[in-house]
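Open the model in your viewer and keep the sequence panel beside it. This tour goes from one selection to the next and says what is there.

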Amino acid sequence: MRGNQELKGELDKLGAYPTESTKITGKFFRVWMDLKTALANNESKAILSSCEYGEDHALNIYEKVLAEDMVHLSLAQQRMISNQYSLIKTDHNKIKALREVLV
């Protein structure tokens, strides 16, 4: 959530407003994750797989920004995005490692 607050802070500085509504795909993913968890009877591997999928999606977005949009950002914004990417990548790898232990 810290990353979310940092991004909102940058938008505020720029006089822009973040959308408060969740994208439809995000809503579907949450419903799917809840359903999958219920069907799996809270099976740890299924939960971790769903979490890893969500982290993969976040990583893809950050990777796109890092590859295509960094030239449009200030140095401070570039550092912020790079740091957030590193944190998400670390979390993703922890989730993946936990899931792989359950194989």
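## Stop 1: helix 3 and helix 4

Select helix 3 and helix 4: the crossing of this pair is left-handed. Helix 3 covers residues 44-68, and its axis lies 9 Å from that of helix 4, at an angle of about 155 degrees. An angle over 145 degrees counts as roughly antiparallel, so helix 3 is roughly antiparallel to helix 4.

Now color the contact between helix 3 and helix 4 by residue class. Twelve residues in this contact are nonpolar, nine are charged and four are polar.

Bear in mind that you are looking at a predicted model.

## Stop 2: two serines in helix 4

Stay on helix 4 and select Ser 82, which lies in this helix. Is Ser 82 buried, exposed or partly exposed? With a relative accessible area of 29%, Ser 82 is partly exposed. Buried would require under 20%, and exposed over 50%.

Which residues does Ser 82 touch, leaving aside those up to four places away in sequence? They are Leu 66 and Met 70.

Ser 86 has a relative accessible area of 40%, so it is partly exposed. From C-alpha to C-alpha, Ser 86 and Tyr 62 are 9.7 Å apart. In sequence, 24 residues separate Ser 86 from Tyr 62.

## Stop 3: helix 1 against helix 4

Select helix 1, residues 2-14, together with helix 4, residues 75-101. The axes of helix 1 and helix 4 come within 10 Å and cross at roughly 165 degrees. Helix 1 and helix 4 are therefore roughly antiparallel to each other. Their crossing is left-handed.

Show the side chains where helix 1 and helix 4 meet:

- From helix 1, pick Arg 2, Gly 3, Glu 6, Leu 7, Glu 10 and Leu 14.
- From helix 4, pick Gln 77, Met 80, Ile 81, Gln 84 and Leu 87.

By class, this contact of helix 1 with helix 4 has five nonpolar, three polar and three charged residues.

## Stop 4: the whole chain

Bring everything back and switch to a cartoon view. How many helices and strands does the protein have? There are four helices and zero strands. Trace the chain along the sequence, and the pattern reads α-α-α-α.

The accessible surface of the protein is about 7,700 Å². Carbon and sulfur atoms account for 59% of that surface. The protein has 103 residues, of which 18% count as buried.

Last, display the contacts between residues at least 6 apart in sequence. Of these, 60% join residues at least 24 apart.

Methods: Residues numbered from 1 in each chain as written. Predicted model: local features only at pLDDT ≥ 70, side-chain atom pairs only at ≥ 80, totals over all residues. Heavy atoms only, no water. Axes fitted to C-alpha atoms, helices over the stretch in contact; angles between N-to-C directions. Parallel < 35°, antiparallel > 145°, perpendicular 65-115°, else oblique. Left-handed = near helix turned anticlockwise from the far one by under 90°. Contact = heavy atoms within 4.5 Å. Nonpolar A, V, L, I, M, F, W, Y, C, P; charged D, E, K, R; others polar. Buried < 20%, exposed > 50% of the residue type's maximum accessible area, 1.4 Å probe, protein only. Areas by Shrake-Rupley, 256 points an atom, 1.4 Å probe, with all protein chains shown as cover.
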